[in-house]
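Dear colleague,

Please find below the structure that I am handing over to you. My notes on it follow directly after.

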Amino acid sequence: MQPTMPSAESPTPTAVSKVERAPGTTFLPIARVKRIIKEDKDVSLINAEATFCVAYATELFMEYLANEGFAKAKKEKRKTVYYKDLASVVGEVDQFEFLEDVIPQTMPLKSALERRREALDDAEYQGESNQLTKKPTGEGAADAESNDMAEDTQMADDGLQSETAVPESSDMMVEES
């Protein structure tokens with residue numbers, strides 16, 4: 001049995017009723033939640049009630065994010081929630097601001113490659129002005145620089161041909177154009 005979202009027109013669910021949970025249980029496995037909590041080096045012990053509270057709060061958070069994404073999809077007359085719905089919710093709702101690095105807005109591949117080139121140019125410019133980066137000198141200098149440019153050009157050419165390549169150091173999502 002699958003849970004359903006209440007529709008905007010009627011306050012009650014339509015076809016399938018919401019899955020009822022027995023008191024004191026969660027849909028997330030408590031052992032895994034506890035293992036994730038213990039990954040934090042500052043936490044040495046956590047009791048069962050605290051683990052349950054974290055698991056339940058996580059469920060509520062996920063439900064809220066999914067409902068907001070569903071509402072966004074519904075505004076666009078769709079029943080399917082896409083990544084772009086969640087990304088736009090993260091960008092629009094202040095409570096999800098902390099997720100902007102995790103769920104960024106999508107952009108066309110050309111824009112992503114252009115943005116990456118600008119970032120590399122800025123880093124190179126700052127490195128030269130601050131003399132933080134050492135460039136090879138002598139015979140190998142021209143070869144190293146031409147190899148770097150050839151790699152960037154090859155990556156850009158490959159990306160434009162396949163239309164699905166994502167720059168390595170990119171923290172942004174890329175959509176096919």
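**Salt bridges**

Glu92 and Lys72 are joined through their side chains by a salt bridge, with 3.2 Å from N to O; the term stands for a side-chain nitrogen of Lys or Arg within 4 Å of a carboxyl oxygen of Asp or Glu. This pair connects distant parts of the chain, since Glu92 belongs to helix α3 and Lys72 to helix α2 (residues 48–75), 20 residues apart. Helices here are DSSP runs (H or I, at least four residues), numbered from the N terminus. Glu92 counts as exposed because its relative accessibility is 51%; buried means under 20% relative accessible area, exposed over 50%, and partly exposed in between (1.4 Å probe, protein chains only).

Please note that this is a predicted model, in which local features need pLDDT of at least 70 and side-chain atom pairs count only at pLDDT 80 or more, while totals for chains, interfaces and linings use all residues. Residues are numbered from 1 along each chain as its sequence is written, and side-chain values use heavy atoms, with hydrogens and water left out.

The structure contains three salt bridges. Glu76, Arg78 and Asp85 form a network of them. Glu76, by contrast, counts as partly exposed because its relative accessibility is 39%.

**Core and helix α3**

The largest nonpolar core has eight residues: Leu65, Ala87, Val89, Val90, Val93, Phe96, Leu99 and Ile103. Such a core is a set of buried Ala, Val, Leu, Ile, Met, Phe, Trp, Tyr and Cys residues joined through side-chain atoms within 4.5 Å. Helix α3 (residues 83–92) is the main contributor, with three residues. The buried residues of α3 are Asp85, Ala87, Ser88, Val89 and Val90, and α2 is among the elements that cover them. Leaving aside residues up to four places away in sequence, Val93 touches Tyr64 and Glu68, where contact means heavy atoms within 4.5 Å.

**Loop and surface**

Lys77 lies in the loop between α2 and α3. Although Lys77 is not a glycine, its phi is positive, at about 60 degrees. Most residues other than glycine have a negative phi. With a relative accessibility of 77%, Lys77 counts as exposed.

Phe61, Met62 and Phe98 make a nonpolar surface patch of about 310 Å². Patches of this kind consist of residues with over 30% relative accessible area and no salt bridge, with nonpolar side chains (Val, Leu, Ile, Met, Phe, Trp, Tyr) joined within 5 Å; areas come from the Shrake-Rupley method with a 1.4 Å probe. Met62 is part of helix α2 and, at 44% relative accessibility, is partly exposed.

**The segment before α1**

Thr25 sits in the segment before α1 (30–38) and is partly exposed, at 34% relative accessibility. A polar atom of the Thr25 side chain lies 2.6 Å from the backbone oxygen of Ala22.

With kind regards

Key. Helix = DSSP H or I, 4+ residues; strand = E, 2+ residues; numbered from the N terminus. Polar contact = N/O pair within 3.5 Å; in protein donor to acceptor, adjacent residues only side chain to side chain. Patch = residues over 30% accessible without salt bridge, like charges linked within 9 Å, V, L, I, M, F, W, Y side chains within 5 Å.
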